[in-house]
Amino acid sequence: MAFDTSRFSTLAMQANTRLMAGARLLRDRLLPRVADTTGNLLRLFAPAPATSGDDTHFLPNFCRGRAIGAIVLIAELLAVVITLITRRISSNLFQDLVLVSLFVQWIALSGAATLCIARHFLDKLPNSRALGFAYLLLLAVVLAVSEAAVWVLWLAGTISSPRPEWYVYFHIQNITVAAIINALALRYFLARHQLRQRTLSEARAKIEVLRSRIRPHFLFNTMNIIASLIRSAPDKAETAVVDMADLFRTMLGDSENLVPVSNEIAIAKKYLDIEALRLDSRLRVDWSVGKFPRKAVIPVLVLQPLLENAIQHGIEPIPAGGVISVRLSEENDMIHILVTNPLPRLRSKSAVTPLPSEHTLDNLRLRLESHYGDAARFMVTQEPERFSVAVEIPIRGGTP
Amino acid sequence: MRVLIVDDEKLARDRLRELLNEIGGHVVVGEGMNGNEAVEKAAELNPDVVLMDIRMPGMDGLEAAMHLMGMENPPMVIFTTAYDQHALHAFEVNAVDYLLKPIRKDRLAAALDKAKKLTLQQLQEINQAQETPQARTHISVHLRGNIRLVPVQDILYFMADSKYVTVRTANEEHLIEDSLVNLEKEFGEKVFLRIHRNALVATDYIKGIEKSTTGNWQVALSGLEKKLDVSRRHAAAVRRWARR
């Protein structure tokens with residue numbers, strides 16, 4: 001007997017271990033996969049995913065009164081629809097509505113409560129998996145509530161057995177309706193989330209562009225210089241303020257504008273005049289401007305960012321300053337721009353002080369790409385002591 | 001107070017000078033255009049306060065302040081800046097005073113009233129808080145109350161003995177009070193390679209790694225007759241570096 005007991009307990013332990021392993025497998029491998037697949041299926045008919053990587057989650061917070069209120073309202077509307085289009089359950093339409101409402105609200109509130117409890121868990125998951133899990137959870141809730149409803153009816157004595165003849169049909173009907181409605185609801189939440197994300201990232205991109213155009217360092221240093229000039233040379237201060245106004249008007253304007261080449265050169269020269277106040281004799285510019293036909297147009301602020309980049313990385317870091325060379329010419333209906341600046345001697349070839357990220361240049365390159373497509377060229381050449389950017393754009397401005 | 005003004009922009013220096021005149025009670029003893037000049041002029045002119053821009057070509061204001069703090073009687077430092085998000089946050093955290101450009105007269109007067117001496121630690125913490133903490137461009141050597149700035153790119157090696165570290169360039173040798181561990185951490189092994197418990201050599205100057213007649217590894221440096229011993233413990237790391 002003693003032998004038997006121990007054998008039995010060993011078997012029981014083994015069975016237990018296997019069961020645990022199975023449960024773990026279900027939890028760790030199978031469920032996430034099912035959730036993923038479900039989520040992806042739901043995503044199939046969702047709009048293109050917006051840029052992800054944001055912290056907010058697509059599911060609304062179902063622990064909050066507002067969301068619950070909305071759910072109660074929607075559930076009630078659904079109950080009305082169901083009551084109107086189904087066969088009469090009782091003799092009285094109003095009584096039907098009460099019964100259906102009770103059942104639908106029960107499911108809806110249980111679902112909201114489940115999502116509220118599961119919130120912390122769902123928040124940690126990637127979107128498509130969370131979507132799948134939420135969907136499966138809601139279907140499970142429907143199944144459980146339907147089953148509970150049958151039991152309540154049986155215990156209340158309304159039906160004679162917990163397995164009435166309509167039992168299977170009842171479950172299938174509920175699950176099907178829930179599957180469709182939940183899919184629609186989740187799909188709506190996802191779409192709303194993606195729309196919000198896109199609006200957000202567009203707004204951020206706009207701010208980023210503006211900030212890259214108006215460098216705070218340039219702005220405040222120039223204001224300091226103007227404050228100084230107001231005492232010593234009021235006329236120079238006046239010119240600086242007016243130049244700044246012109247420059248900022250252009251920077252705040254529409255970047256899609258096409259302007260004659262001479263306009264762009266004029267605004268670039270105003271910018272250089274302002275920088276020259278700060279940098280004094282350290283900034284020397286060697287201009288060479290060829291002849292341009294009158295029809296030659298160029299997107300606004302193409303030349304100025306090139307000069308700004310040259311000053312930022314080529315003149316400011318060198319104590320003695322240097323010469324920026326600017327070449328503009330027209331050839332075969334293409335406008336050629338070449339800006340070259342010196343580079344500071346690196347402290348040591350290994351003591352890397354990487355050039356600050358080339359935001360200015362990246363922005364310009366992207367702008368030219370979106371404006372001209374393949375028709376424009378943008379080339380950067382870095383030599384040990386020189387850095388140059390060459391831009392070639394069609395003379396007629398392309399299609400904005 | 002005796003004030004030294006350091007800014008790479010002439011008009012910015014002019015403005016400070018004029019504001020100081022209006023405030024009264026201060027003498028501008030000199031002006032500098034970059035960090036190197038700040039250190040040289042501070043050693044020569046002995047100012048009470050240095051008004052210094054942070055961003056300057058060559059040596060920046062932060063590094064210059066670090067060298068100043070090594071002086072026997074360091075001046076007080078007030079930084080000026082147009083816009084440096086990261087630096088400003090670090091300044092707040094470390095209670096280091098700064099002035100924002102365009103500079104206001106009353107703010108300047110208040111800053112001069114409560115100006116205080118900085119500590120090397122404050123400056124190092126500010127440097128660490130930067131987006132890319134900068135290694136020094138120069139090592140400051142103190143000679144009888146004077147400061148000598150040795151460009152890091154000229155240094156062949158650092159050699160430690162019991163108390164001091166010797167800095168060796170092609171033509172000179174200086175003693176500094178620093179530790180090889182700190183130097184190694186600051187510059188990283190890309191710039192100075194540890195070849196011995198007591199030696200860091202500049203990777204840029206390594207000409208070759210050879211075996212001596214006694215079977216020990218040695219490093220030959222360009223511009224230097226004698227060869228430096230590689231300790232057994234560092235031999236593997238040195239050869240790994242050479243293979244790259």
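Predicted model: local features only at pLDDT ≥ 70, side-chain atom pairs only at ≥ 80, totals over all residues.
For the complex, the predictor gives an ipTM of 0.79, together with a pTM of 0.66. In chain B the pLDDT averages 88, and 100% of the residues score at least 70.

The two chains meet through 24 residues of chain A, which are in contact with 24 residues of chain B. On the side of chain A that touches chain B, the elements that give two or more residues are helix H7 (216–232) and helix H9 (261–279) of chain A. Of the elements on this side, H7(A) gives the most, with 12 residues. When the residues on the side of chain A that touches chain B are sorted by class, 11 are nonpolar, 7 are polar and 6 are charged.

Within chain B, an open sheet is formed by 3 strands in the order S13-S14-S15, and the pairing is antiparallel. Strands of a sheet pair through backbone hydrogen bonds, in either a parallel or an antiparallel manner. The edges of the sheet in chain B are strand S13 (206–211) and strand S15 (228–229), each of which pairs on one side only. Between S13(B) and strand S14 of chain B, which spans residues 217–221, the antiparallel pairing extends over 5 bridges.

Definitions and conventions: Residues numbered from 1 in each chain as written. Chains lettered and ligands numbered in written order. Contact = placed C-beta atoms within 7 Å. Helix = DSSP H or I, 4+ residues; strand = E, 2+ residues; numbered from the N terminus. Nonpolar A, V, L, I, M, F, W, Y, C, P; charged D, E, K, R; others polar. pLDDT = per-residue confidence, 0-100. Pairing = 2+ DSSP bridges.
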